[in-house]
Amino acid sequence: MADRDSARRRQRKLASYHRRVAERRERGLCVKCGKCPPAPQRSICVSCNEKARAAERARADRLRAEGKPVRDPEATRRADRERDRYEFERRAKILSDALAEREYLVGSAFSGADILIGHSCFMATVVGLPIGDYPVLEAYYQRLQQRPAYQRAYPA
Ligand SMILES: [Zn+2]
């Protein structure tokens with residue numbers, strides 16, 4: 001009975017948390033404090049972010065003092081993979097937009113920028129990022145791969 005009550009209480013609290021977050025997001029406010037606008041590209045404000053980081057540092061210091069691991073290595077790897085994927089998608093979209101109406105990144109001629117991004121595309125395929133999900137970028141990368149210099153630099 002007590003267990004069911006506490007489970008219900010937890011559910012109600014969670015539902016109210018989600019409502020609060022959705023409402024703050026809609027009003028363009030920090031989802032944590034609801035007082036000021038969030039930092040660019042973030043859902044929380046600078047002040048809330050600093051508080052969260054300070055709390056995280058205190059927690060890490062306490063765990064280190066107790067001789068316990070600060071992070072779950074598997075969770076860290078998972079978070080890294082998610083972040084890398086997110087960053088790849090963000091950049092792939094920017095490049096796709098830039099390359100939508102031209103052959104190379106800067107003007108109409110091949111340049112150092114294409115060498116740099118060409119290598120990044122190569123690395124993306126090496127680590128298995130889905131460059132094929134971005135047809136414009138994939139076509140660009142294929143154009144780069146046709147170049148004799150590319151074939152000398154990256155022999156098959
Ligand atoms: Zn805040």
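Start by colouring the protein by pLDDT (the predictor's confidence in each residue, from 0 to 100): the average is 93, and 99% of the residues score at least 70. This is a predicted model, in which local features need pLDDT of at least 70 and side-chain atom pairs count only at pLDDT 80 or more, while totals for chains, interfaces and linings use all residues. Residues are numbered from 1 along each chain as its sequence is written.

Now switch to a cartoon view. Read along the sequence, the pattern is α-α-α-α-α-α. Confidence is lowest in helix α1 (residues 2–26), with a mean of 91, and highest in α5, at 97.

Zoom out for the overall dimensions. The C-alpha trace spans about 70 × 45 × 35 Å along its principal axes. Its radius of gyration is 23 Å, whereas a compact globule of 156 residues would have one near 15 Å; the radius is taken over C-alpha atoms, and the globule rule is 2.2 Å times the number of residues to the power 0.38.

Next, select 25–70 and 72–156 in two colours: these are domain 1 and domain 2 of the domain assignment, whose bounds come from an automatic or database assignment. Their C-alpha centres lie 32 Å apart.

Pick R59 in helix α2 (residues 46–65). Is R59 buried or exposed? R59 counts as exposed because it has 11 C-beta neighbours inside 10 Å. The cut-offs are 20 or more other C-beta atoms within 10 Å for buried, 12 or fewer for exposed, and partly exposed in between, with C-beta atoms placed from the backbone. From R59, draw a distance to V70: the two C-alpha atoms, 11 residues apart along the chain, are separated by 8.2 Å.

Finish at α5 (residues 135–146). At 1.5 Å a residue, its 12 residues should span 16 Å, and the end C-alpha atoms are 17 Å apart, which agrees; the expected span is 1.5 Å times one less than the number of residues. Show L137, Y140 and Y141, which are buried in α5. Looking down the axis of α5, its buried residues fall within an arc of 100° (of the directions from the helix axis to the C-beta atoms), so they line one face of the helix. They pack against α3 (73–99) and α4 (112–126).

Conventions: Helices (H or I, at least four residues) and strands (E, at least two) are DSSP runs, numbered from the N terminus. Two residues are in contact if their C-beta atoms, placed from the backbone, lie within 7 Å.
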